[in-house]
Amino acid sequence: MSNKLTGPVRITATTQAYRTDEGKPWVLPVVKKVEKIIVHDDRLNHEYLPILGLPEFRSSASKIALGDDSSAIQENRVGAVQCLGGTGALKMGAEFLRRFYNGNNNTKTPVYVSAPTWENHNAVFANAGFEDVRPYKYWDAENRGLDLAGFLGDLETCPEHSIFVLHACAHNPTGTDPTHEQWKMIAEIMMRRKLFVFFDSAYQGFASGSLDKDAWAIRYFVSMGFEMFCAQSFSKNFGLYNERVGNLTIVARNADNLKRVLSQMEKIVRTTWSNPPSQGARIVAITLNTPELFAEWKDNVKTMADRVLLMRAQLKAKLQALGTPGTWDHITEQIGMFSFTGLNPKQVEYMVKEKHIYLMASGRINMCGVTTRNINYIAESIHETVTRVQ
């Protein structure tokens, strides 16, 4: 397949969704199969779901986050709320915490989000009434990696009982995750300083191709005895972007505490969206609870993950072959859909105006915008940009 582009060039690398090598949206084959099952199931209707959502969806979603052998699940201290996407799960968690965490209607508790982070993190917590949303150090721009010392320093010096939003895997927007050993250091400080863990898991399976690998941090924190929230999104790993399929997994201290939390969650849901939609949740629940469909889904997810990983490897190799100034190891060290290229705002401007490659001012690109057809052009454009623009 030729990599040469002909005609007007316009490459958009800012989309938030997966694209095939042809640049097209992809409906997962397993999703098409399950949709047909639903259509032909005469037992299904359009009656309201329970307020907290479809029970088999909630339990199976929590199980893939925490693992089949999770002691917390076995001890009946894990519950969940079906939400409108990952954003809805963050919203439900934020609303609960503002009402009941660390005091009633406690708007003063600091909420820490990574610098940088997905822009909605700031907005969701501010909108829920938190008055003190702060950044914690995360991205080391000079070394194009994790600022571990800064991160740990902020954990040590923040007020006790602060809330920290952590990215479970494939950090958005940097694509840079802590190693297992670094996660252990983070967990130790958070436990010692009584900090609240709120994971955002938007890319499980999609990041590495392995559900277990991408959930490692969540499972480790649970094994350490944390009470915590985990917002899950099934937009990326099921391709169900417009179905708004999300889940808020709650890991409580004990079964009685869980009942109290879920009782309050029902009240919050009732006054927010009252009742969740069924279609997307049914697709996920049937897939996760049917062994052959579950296996097919994992294969579909790996197909998406592998394409992104391949584009990362090839882009890095092409830049190195061109002798592009600087280090490009970060492209393959990062994971998930997004990559912080390391291009500065002037270089981004040159890429947009002169090369018609559209990326964020921060230098972030969606690796799904890189295809076998355009990768040579992208690599050559980055080389030209870095060489000409400082």
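1. Ground rules first. The model is predicted, so to speak, with local features needing pLDDT of at least 70 and side-chain atom pairs counting only at pLDDT 80 or more, while totals for chains, interfaces and linings use all residues. Residues are numbered from 1 along each chain as its sequence is written, and side-chain values use heavy atoms, leaving out hydrogens and water.

2. The protein chain splits into domain 1 (11-25 + 306-388) and domain 2 (55-293), with bounds from an automatic or database domain assignment. Their centres, taken over C-alpha atoms, lie 29 Å apart.

3. Where the domains touch, 18 residues of domain 1 contact 16 residues of domain 2 (heavy atoms within 4.5 Å). Together they bury about 1,500 Å², 62% of it on carbon and sulfur atoms; this is the accessible area (1.4 Å probe) that the two parts lose on being put together, summed over both. Ile335, Phe338 and Phe340 supply 38% of the area domain 1 buries against domain 2, more than any other three residues.

4. Four residue pairs, both at pLDDT 80 or more, are in polar contact between the domains (a pair of N or O atoms within 3.5 Å; within protein, one must be able to donate a hydrogen and the other to accept it, and residues adjacent in sequence count only if both atoms are side-chain atoms). On the side of domain 1 that touches domain 2, α14 (330-333) and β11 (338-340) are the elements giving two or more residues, and β11 gives the largest share, three residues. Both are DSSP runs: helices (H or I, at least four residues) and strands (E, at least two), numbered from the N terminus.
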